[in-house]
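Please look over the sequence and the structure shown here before reading on. The briefing below goes from the whole chain to a single residue.

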Amino acid sequence: MGVFAKEAEVSTPLPPAKAFKAFAVDLDTLMPKVAPQAIKSVELLQGDGGAGTIKKNTFAEGYGFTYAKHRVDVLDKDNLLYTYVVIESDFFNNVVEKISYETKFVAAADGGTSIKITTTFYAIGDIQITPDLMLQIKEASEKLALVLKAIENYVLANPDF
């Protein structure tokens, strides 16, 4: 199995607890609300939102793929850690078995948050991660970044969130 991991770090002016609430705990309700051009709906298939929960994201028409199912592995409010695995998606194209995300929310010196994300792609069998797939991954990451920026803007504009 080919495995490829990438790390990213992004900053937000939101304090850690509020960033964790927006980008982990309430992410599923905020995405379709603030970015309906990207996320049509999020459906709870199994569980209560915590570890073991399985959800289905349905993307808006023209997004590039139509759905993704993911399983929550860790939703640790004390340590501000969110880990989930995309277990099924038409993005996979019989090349990717799963994609895991580990997201850590760390206090920044300016009162905001440094969000550290490790993304690991697992290819099916001996399939290698190709430059074409890397481009698709980059494009999907850029689209997700826009959705997360929309959520950040929403939370900043709604201080009672």
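What follows covers the overall build of the chain, then strand 6 with its two partners, then serine 100.

The model is a predicted one. The chain holds three helices and seven strands. Strand 6 (residues 96–107) is joined by bridges to strand 5 and to strand 7.

**The chain as a whole**

- Read from the N terminus, the elements follow the order β-α-α-β-β-β-β-β-β-α.
- A compact globule of 161 residues would have a radius of gyration near 15 Å, and the chain agrees with this because its value is 16 Å.
- Along the principal axes, the C-alpha atoms fill a box of roughly 45 × 30 × 30 Å.
- Of the 161 residues in the chain, 40% are buried.
- If contacts between residues at least 6 apart in sequence are taken, 48% of them join residues at least 24 apart.

**Surface and charge**

- The chain has an accessible surface of about 8700 Å². Carbon and sulfur atoms account for 54% of that surface.
- The chain carries 16 positive and 21 negative charges.

**Strand 5 and strand 6**

- Strand 5 spans residues 81–89 and runs antiparallel to strand 6, with six bridges between the two.
- Threonine 83 has glutamate 102 in strand 6 as its bridge partner.
- The two strands form a hairpin, and six residues lie between them. In this turn, asparagine 93 has a positive phi of about 50°.

**Strand 6 and strand 7**

- Strand 7 spans residues 113–123 and is also antiparallel to strand 6. Eleven bridges join this pair.
- Opposite phenylalanine 105 stands isoleucine 115 in strand 7.
- Strand 6 and strand 7 form a hairpin too, with five residues between them. Glycine 111, in the turn, has a positive phi of about 95°.

**Serine 100**

- Serine 100 is part of strand 6.
- Is serine 100 buried or exposed? Its relative accessibility is 16%, and a residue under 20% counts as buried, so serine 100 is buried.
- Neighbours within four places in sequence set aside, serine 100 is in contact with Tyr84, Val85, Thr118, Thr119, Thr120 and Tyr122.
- Among these contacts, Tyr84 and Val85 fall within the residue range of strand 5, while Thr118, Thr119, Thr120 and Tyr122 fall within that of strand 7.
- As a general point, side chains in a regular strand alternate between the two faces of the sheet.

Notes: Residues numbered from 1 in each chain as written. Predicted model: local features only at pLDDT ≥ 70, side-chain atom pairs only at ≥ 80, totals over all residues. Heavy atoms only, no water. Helix = DSSP H or I, 4+ residues; strand = E, 2+ residues; numbered from the N terminus. Buried < 20%, exposed > 50% of the residue type's maximum accessible area, 1.4 Å probe, protein only. Contact = heavy atoms within 4.5 Å. Rg over C-alpha atoms; globule rule 2.2 N^0.38 Å. Areas by Shrake-Rupley, 256 points an atom, 1.4 Å probe, with all protein chains shown as cover. Lys, Arg positive; Asp, Glu negative; His and termini not counted. Charge placed at Lys NZ, Arg CZ, Asp CG, Glu CD. Pairing = 2+ DSSP bridges.
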